[in-house]
Amino acid sequence: MRSPCMLLAGALALAFPLAVQAADDGLRATVLLDHLHGVDANVTYLKASGQELKLDVYLPDDRGAQPRPVVLRFHGGGWVAGSRESSALSVLPWMQMGFTVVNVSYRLGNTALAPAAVEDTLCALQWVGLNAKKYNFDLSKVVTTGNSAGGHLALATAMIPADSPFTHQCAANEPTWSGPYRNPAPKVAAVVNWFGITDVADMLQGPNQRSYAVAWFGSLPGRQELARALSPLSYVRAGGPPVFTVHGDADPLVPYAHGVRLKAALDKAGVKNVLYTVKGGGHGGFAPAEQVAAFEAARDFLRGLGIAPAQP
């Protein structure tokens, strides 16, 4: 239960040497993250395409306290690469803010083409709803987040309606139910989108075509129509979840225009949102000060919504 967290603490010591380790508050924070938290690792949340899809839950040792807000996190990699394990350190800022974090794997394009990844992340959201009591999740304060393709999945998971056919895959995990299937997914309270794709069809053809998007769809028939159905821009509506977007205005892989267009659509629908622009920023890889500032702004946004604890 505790060993994965100890590994994270060790990785932190390597990743943040001398300058940070010398600061008492920095060392104290990292020590307490290890000392006060544990990891429920390799939990199966879905069986699909002959695979057991896994997630890890990073949670406080004291589960008897009041329910905790939860972040559901999806890794990037263009839907065809990446893993939750390789980006596990990304859970640390959320833990420090006071969230329980669920770090999710999903089917990549070499296992199943679109829309499999979206089906999986919608099932991960249902898993959160079904396991709220066990892990003491506060279902009124669920946040989705991710970077790049993970940002797209965070947006899609939060914005696709509960009665969408894309949720049908999840019924396979409920072998004992009878009668109409009821989606147990909680309503997502907010999204923190790190330079995610908002118009998937835009990446399949034309000047913004990208090889990773083409690979995700392969030679599927009707792929342009499917891409539109998987695009967060298709689901912008009044009453949708607030969105905080971080995007570099020199991003070569996901055009900055995707963040701009999402903001314009959310503004028109009256949905609270922020487009946080990193000037000259590329596809992530921001300077340390820029990364810290972006997380501080995201935390302020979530605190303003009453989601992030005022004190972790």
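Modeller: What follows describes the sheet and then the helices around it.

This is a predicted model, in which local features need pLDDT of at least 70 and side-chain atom pairs count only at pLDDT 80 or more, while totals for chains, interfaces and linings use all residues. Residues are numbered from 1 along each chain as its sequence is written, and side-chain values use heavy atoms, with hydrogens and water left out.

The open sheet has 8 strands in the order β1-β2-β4-β3-β5-β6-β7-β8, with mixed pairing. At its edges stand β1 (37–48) and β8 (273–278), each with a single partner strand, so one side of each has no neighbour in the sheet. From one strand to the next the twist averages 20 degrees. Strands (E, at least two residues) and helices (H or I, at least four) are DSSP runs, numbered from the N terminus; two strands pair if DSSP finds at least two bridges between them.

Strand β3 (residues 68–74) runs parallel to β5 (residues 137–147), and 6 bridges join them. Val70 stands opposite Val142 in β5. β7 and β8 also pair in the parallel sense, over 6 bridges, with Phe244 opposite Val274 in β8. Together with helix α10 (residues 256–269), β7 and β8 make a right-handed β-α-β unit (with the strands pointing away from the viewer, the path from the first strand over the helix to the second runs clockwise).

Helix α7 (residues 149–159) lies across β3, β5, β6 (190–194) and β7 (243–248), at about 145 degrees to β5. Axes are lines fitted to C-alpha atoms, for helices over the stretch in contact, and angles run from 0 to 180 degrees between N-to-C directions. Contact means heavy atoms within 4.5 Å.

Helix α11 (residues 288–304) has 17 residues and spans 24 Å from first C-alpha to last, close to the 24 Å expected at 1.5 Å a residue (1.5 Å times one less than the number of residues). Its buried residues are Ala294, Phe295, Ala297, Ala298, Phe301 and Leu302. Seen down the axis of α11, these fall within an arc of 160 degrees, so they line one face of the helix; the arc is that of the directions from the helix axis to the C-beta atoms. They pack against α4 (92–97), β5, β6, β7 and β8. On the other side of α11, Pro288, Ala289 and Gly304 are exposed. Buried means under 20% relative accessible area, exposed over 50%, and partly exposed in between (1.4 Å probe, protein chains only).
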